[in-house]
Amino acid sequence: MYLSVLPSSDTPAYRQLYEQLAAQILSGALPSGTALPPIRTVAKELGVSVITVRGAWDALEADGLIETRAGSGCYVAFLPTEERTRRRMDALNEPLSVLLATAKTYGFSEQELYESIRLAWKGINK
């Protein structure tokens with residue numbers, strides 16, 4: 001598990017942590033049952049407050065992505081495959097809508113858009 005916080009980001013630190021962990025959970029990089037490090041440890045390593053990390057953990061728990069076990073800590077929750085797939089697809093909806101609106105505004109054809117996506121995908125998978 002890798003986490004970082006960019007202090008210069010417009011996104012609040014707790015949200016940055018939430019988004020990073022949610023992505024790792026939904027992608028399967030953090031499988032069900034994986035123990036999360038203690039909140040104090042994460043806060044110290046990232047140089048943020050315990051309240052910041054607690055906010056991310058609370059939001060993840062509220063969304064059913066992690067669970068707290070009394071006296072044991074926080075763990076990645078079990079998500080059925082269908083639920084995991086649905087949540088991964090939901091994560092694309094907003095940025096995809098923005099991309100499509102931008103492509104339409106600039107007059108890109110469907111083929112040009114596909115080619116642009118293909119090249120960008122190829123670039124990030126080098």
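The paragraphs below go through the fold, the nonpolar core, the salt bridges and one surface patch of a predicted model.

Because the model is predicted, local features need pLDDT of at least 70 and side-chain atom pairs count only at pLDDT 80 or more, while totals for chains, interfaces and linings use all residues. Residues are numbered from 1 along each chain as its sequence is written, and side-chain values use heavy atoms, with hydrogens and water left out.

The protein chain contains 5 helices and 2 strands; here helices (H or I, at least four residues) and strands (E, at least two) are DSSP runs, numbered from the N terminus. Read from the N terminus, the order of elements is α-α-α-β-β-α-α. The radius of gyration of the protein chain is 18 Å, well over the 14 Å that the globule rule gives for 126 residues, so the chain is more spread out than a compact globule. That radius is taken over C-alpha atoms, and the globule rule is 2.2 Å times the number of residues to the power 0.38. Along the principal axes, the C-alpha atoms of the protein chain fill a box of roughly 55 × 35 × 30 Å.

Of the 126 residues, 25% count as buried. Buried means under 20% relative accessible area, exposed means over 50%, and partly exposed lies in between (1.4 Å probe, protein chains only). The protein chain exposes about 8,700 Å², and carbon and sulfur atoms supply 58% of this area. Accessible areas come from the Shrake-Rupley method with a 1.4 Å probe; for residues, only the protein chains shown count as cover. Among the contacts in the protein chain with a separation of 6 or more, 49% are between residues 24 or more positions apart; contact means heavy atoms within 4.5 Å.

Next comes the interior. In soluble globular proteins, nonpolar side chains tend to be buried together. The largest nonpolar core here has 23 residues, and those with the most contacts inside it are L21, L36, V53, W57, L60, L65 and I66. Such a core is a set of buried Ala, Val, Leu, Ile, Met, Phe, Trp, Tyr and Cys residues joined through side-chain atoms within 4.5 Å. At least two residues of this core come from each of α1 (13-27), α2 (39-46), α3 (50-62) and β2 (73-76). Helix α1 gives the most, with 6 residues.

Not counting residues up to four places away in sequence, L21 touches M1, L3, L30, L36, W57 and L60. Y18 is found in helix α1 and is buried, with a relative accessible area of 9%. Beyond its neighbours within four places in sequence, Y18 is in contact with A56, A59, L60, D63 and L65. Y18 and A59 are 41 residues apart along the chain, yet their C-alpha atoms are separated by 7.1 Å. Q16 is also found in helix α1 and counts as buried at 8% relative accessibility. With neighbours within four places again set aside, Q16 is in contact with S4, V5, L6, S9 and T11.

Side chains of opposite charge can pair when their charged atoms come close. A salt bridge is a side-chain nitrogen of Lys or Arg within 4 Å of a carboxyl oxygen of Asp or Glu, and by this rule the count comes to 7. One of them joins D58 and R54 (3.3 Å, N to O); both residues lie in helix α3, 4 residues apart, about one turn of the helix. D58 is partly exposed at 38% relative accessibility, and R54 is partly exposed at 37%.

In helix α4, E83 and R86 lie 3 residues apart, about one turn of the helix, and their side chains form a salt bridge (2.8 Å, N to O). E83, R86, R87 and D90 are linked in a network of salt bridges. In helix α5, R118 and E115 are likewise 3 residues apart, and the closest N and O atoms of their salt bridge are 2.7 Å apart.

M89, L92, L96, L99, L100 and I117 make a nonpolar patch of about 520 Å². Patches are made of residues with over 30% relative accessible area and no salt bridge: like charges are joined within 9 Å, nonpolar side chains (Val, Leu, Ile, Met, Phe, Trp, Tyr) within 5 Å. Helix α4 (residues 81-105) provides the largest share of the patch, 5 residues. I117 is found in helix α5 (residues 110-124) and is partly exposed, with a relative accessible area of 39%.
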